[in-house]
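Have the viewer open as you read.

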Amino acid sequence: MPAKPKWEKIADHLRSQIVSGELAPGDKLPSTAQLCKEHDVSAIVVRQAIFKLRTEGLIEGVQGVGVFVVDPNEAQG
């Protein structure tokens with residue numbers, strides 16, 4: 001079985017932090033630069049991971065501010 005792409009590993013890591021409560025609703029995710037350094041990857045790899053989590057409804061971006069964990073109670077509407 002082929003190895004997971006780096007972006008998927010980063011998405012899995014962040015997802016597990018969200019599910020475990022380590023990153024709580026309203027918490028800001030580390031910056032792209034911080035995640036690049038932490039995981040030794042390029043910005044595009046981090047952006048792919050962020051995009052995946054955004055499509056799953058776990059996070060949302062606020063232009064010029066950052067990316068935040070979504071409150072699942074508010075997301076259900």
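## The nonpolar core

In this predicted model, the largest nonpolar core has 17 residues, and Ile10, Leu14, Leu23, Leu29, Val46, Ile50 and Ile59 touch the most other members. A nonpolar core here is a set of buried Ala, Val, Leu, Ile, Met, Phe, Trp, Tyr and Cys residues joined through side-chain atoms within 4.5 Å. Buried stands for under 20% relative accessible area, exposed for over 50%, and partly exposed for in between, with a 1.4 Å probe and protein chains only. H1, H2, H3 and S2 are the elements that give two or more residues to this core, and H3 gives the most, with 5 residues. These labels are DSSP runs numbered from the N terminus: helices are H or I with at least four residues, strands are E with at least two.

Leaving aside residues up to four places away in sequence, Leu29 touches Leu14, Leu23, Ile50, Ile59, Val67, Phe68 and Val69. A contact means heavy atoms within 4.5 Å.

## Helix H3

H3 covers residues 43-55. Its 13 residues reach 18 Å from first C-alpha to last, close to the 18 Å expected at 1.5 Å a residue; the expected span is 1.5 Å times one less than the number of residues.

Which residues of H3 are buried? They are Val45, Val46, Ala49, Ile50 and Leu53. Seen down the axis of H3, these buried residues fall within an arc of 135°, so they line one face of the helix. The arc is that of the directions from the helix axis to the C-beta atoms. On the other side of H3, Ile44, Phe51 and Thr55 are exposed. The cover over the buried residues of H3 includes helix H1 (6-20), helix H2 (32-39), strand S1 (59-62) and strand S2 (66-69). After H3 comes Gly57, with a positive phi near 80°.

## Helix H1

H1 has 15 residues and reaches 21 Å between its first and last C-alpha, close to the expected 21 Å. Its buried residues are Ile10, Ala11, Leu14, Gln17 and Ile18. They cover an arc of only 125° around the axis, which puts them on the same side of H1.

The buried residues of H1 pack against H2, H3, S1 and S2. The face turned away from that buried side carries the exposed residues Val19 and Ser20. Just after H1, Gly21 takes a positive phi of about 95°.

## The hairpin

S1 and S2 pair in the antiparallel sense over 4 bridges; pairing requires that DSSP finds at least two bridges between two strands. Glu60 stands opposite Phe68 in S2. The two strands form a hairpin with 3 residues between them, and Gly64 in the turn has a positive phi of about 80°.

## The whole chain

The protein chain has 4 helices and 2 strands, running α-α-α-β-β-α from the N terminus on. Its C-alpha atoms fill a box of roughly 40 × 30 × 20 Å along the principal axes. Of the 77 residues, 27% count as buried. Among contacts with a separation of 6 or more, 57% join residues 24 or more positions apart.

## Reading the numbers

Residues are numbered from 1 along each chain as its sequence is written, and side-chain values use heavy atoms, with hydrogens and water left out. As this is a predicted model, local features need pLDDT of at least 70 and side-chain atom pairs count only at pLDDT 80 or more, while totals for chains, interfaces and linings use all residues.
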